[in-house]
Amino acid sequence: MPPLELIDVPTADPDALLPLFRAICRVRSFELLTSQLYRDGVIPGFVHVSLGQEASAVGACAPLRRSDRITSNHRGHGHCLAKGMAPGPMFAELFGRATGAVQGRGGSMHIADPGLGILGANGIVAAGLPIAVGAALASRQAGTDDVVVAFFGDGAVAQGMFHEAVNLAALWRLPVVFFCENNGYAEFTAADVGHPVPLAVRAAGYGVPYAEVDGTDVWAVADRTAQVVRYARAHGPVVLEAHTSRWHGHYEGDQQKYRDPAHLESGLARDPLAVARRRLVALGVDAAVIDAVEADAAAEVQAAADAARLDPEPDVDGVGDYVTAARPDVVESELPGDAAPAKYLESVRAALGDALADDPTVFLAGIDVGAGGGVFAVSRGLYERFPDRVLDTPISESAVLGLAVGAAMAGRRPVVELMYLDFLGVAFDALLNQAAKLPFMTAGRASMGLVVRTQFGAGRSAGSQHSQSLEALLAHIPGLTVVMPSNAADAYGLLRSAIDDPNPVLFLENRNLYGRRSPAPSPGHRVPIGRAKVTRPGSQVTVVSWSRMAVECLEVAGALAAEGVDAEVIDLRTISPLDRATVLTSVAKTSRLVVVQEAVTDFGVGAEIVATVVEQAFWLLDAPVLRVGAGFSPAPYAPNLERAWLPQHADIADAIRRTAAY
């Protein structure tokens, strides 16, 4: 990247400075009133105000277009106001009203307006940074020069997400301004205690230009950000550090006993409004004009709050709205009678290739998915066909999954690969707190059509950190869709449906099935998400399973037929949403149930199926329900121990026989 060359502009025309002054007056009035209303018990929840930081928010947003985007943090009121949000919907959100910016579903820490380019304030420190990188990639792929400003505090620099995001943005030269509001304190900890080196040194380590500015001078911030934004549009990321002050505590009610009084006094002495006032007076603006601007801003904010307090609360009947977006109607086509067999792996690859060919907004990103074709060769050959949309990433799972969230919010259809399902833990926030919750917390305004492909599977002595079946963990999170196909046709059809889906989908591939052949579907085949399939009709006992165990159950049921045991086998295919109706219909016919899973039995998906049947079909049961699964321990390494730990054909057959004979 070329060097960042900056010039100082010491004065401003009053016509340029007055709107900035008006904007910081609005932020100041909003935050003062918010603090008062919170103290009086009018605002519930947690509140973090940005008193003392008004100039950094306003100055940073001043040079932005409407199509430019920002990500914010828990102290985000000023950012949202500066990017164009009106105070009325923001107050309504703080009050928990139906007219709130996100209909009372987000509150102070989660205000958003994607239509204005505000991708959301965020209660997770540094979480907005990889999201900003994804949004910047989306802008690049769409052929625009829109920029993303990612606001964060000095405390976020210690987070791994900061480093992964800056590294990826630098690698791909994405138009991101990493805007650090350094107020000297990360919650209760002084910055000089929490950071061994300054931000400038960290930026240099990633080859990213660094700039700094007096964050209490709105004109200085606006001018410096304008220069930085121009650079970012043309060349790539910049780290911009605004030195500012946090007048109140980390949260409203924080007594700040940990804080050096001298630090607070120095911050109060550099009042952004006072700094701007002095500039205006020096430029010849009459004091009465300045006073009128400040009074008008205060009156506007007070009127907005007064009106918002009278607005209605949300309808409780809609408490579950916006968790899952409506899915496209999908009709599953019949497989051709003469369908040639294909490997499971080949069907996944074909689905990816066809989706990339059919939709220019689809891209595939992940560790080694490009030139190397993936660690299991699933994406082999796709990079050669789509070099601009099959993207190798660093080993940065948080950045990769956060990239998917930001790109989806910006209108792309990302498919990202997590090499092993076991690696989910190092990047769980992007799913748990971002992808799953942002559509809900924005009242459906945040698009979140993304797919996370990953693989799992025990039985190959891969050990405890490469063998886990974690579908129950994912299915427990409202907002996530979890899909687990067992054959080539379903792998193709469900992946195509997942990429079309407007919701975040976890697509879990069992690596032990990759080489298994089964009838291949025609191009364009789709399988509806949330629809189980009866793969073997039967009359005596219902056997429910998914992924590799669904294949094993079919084999066992076929063998038991010779003994006179007639088992009906159901392949769930989708874990969440769970097709309870198909299971209940089968149990109504057989009056018996066995659930088989590769995952550990305790607290698993099988337990949810059993609970459903006991609650809704208890009087139809003629035998106790049985579960078959792995033991409640990590996966062993030694082959004999792993066989003892995993369910085998004999275990499945024994459970079916016992249930049928009861």
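Helices (H or I, at least four residues) and strands (E, at least two) are DSSP runs, numbered from the N terminus. The model described here is predicted, so local features need pLDDT of at least 70 and side-chain atom pairs count only at pLDDT 80 or more, while totals for chains, interfaces and linings use all residues. Residues are numbered from 1 along each chain as its sequence is written, and side-chain values use heavy atoms, with hydrogens and water left out.

**Sheet**

- Five strands make up an open sheet with parallel pairing, in the order β1-β2-β3-β7-β6; two strands count as paired if DSSP finds at least two bridges between them.
- At the edges are β1 (69-71) and β6 (210-214), each of which pairs on one side only.
- From one strand to the next, the twist averages 20°.
- Six bridges join strand β3 (residues 176-182) to strand β7 (residues 238-243) in the parallel sense.
- Val 177 has Val 238 in β7 as its bridge partner.

**Helices on the sheet**

- Helix α5 (residues 128-142) lies across β1, β2 (148-153) and β3, and runs at about 175° to β2.
- Helix α9 (residues 218-235) packs on the sheet and touches β3, β6 and β7, its direction making about 165° with that of β6.
- Contact means heavy atoms within 4.5 Å.
- Axes are lines fitted to C-alpha atoms, for helices over the stretch in contact, and angles run from 0 to 180 degrees between N-to-C directions.

**Aromatic pairs**

- There are 13 aromatic pairs in the structure; rings of Phe, Tyr and Trp (its six-membered ring) pair if their centres lie within 6.5 Å, and planes under 30 degrees apart count as stacked, over 60 as edge-to-face and the rest as tilted.
- Phe 91 and Phe 95 are a stacked pair, at 6.0 Å centre to centre and with 20° between the planes.
- Both Phe 91 and Phe 95 belong to helix α4 (residues 87-95), where they sit four residues apart, about one turn of the helix.
- Phe 91 is buried at a relative accessible area of 0%, and Phe 95 is buried at 4%; buried means under 20% relative accessible area, exposed over 50%, and partly exposed in between (1.4 Å probe, protein chains only).
- Phe 618 and Trp 619 form an edge-to-face pair, at 5.0 Å centre to centre and with 85° between the planes.
- Phe 618 is partly exposed, at 44% relative accessible area, and Trp 619 is exposed, at 79%.
- One aromatic cluster is formed by Tyr 344, Phe 376, Tyr 420, Phe 423 and Tyr 514.
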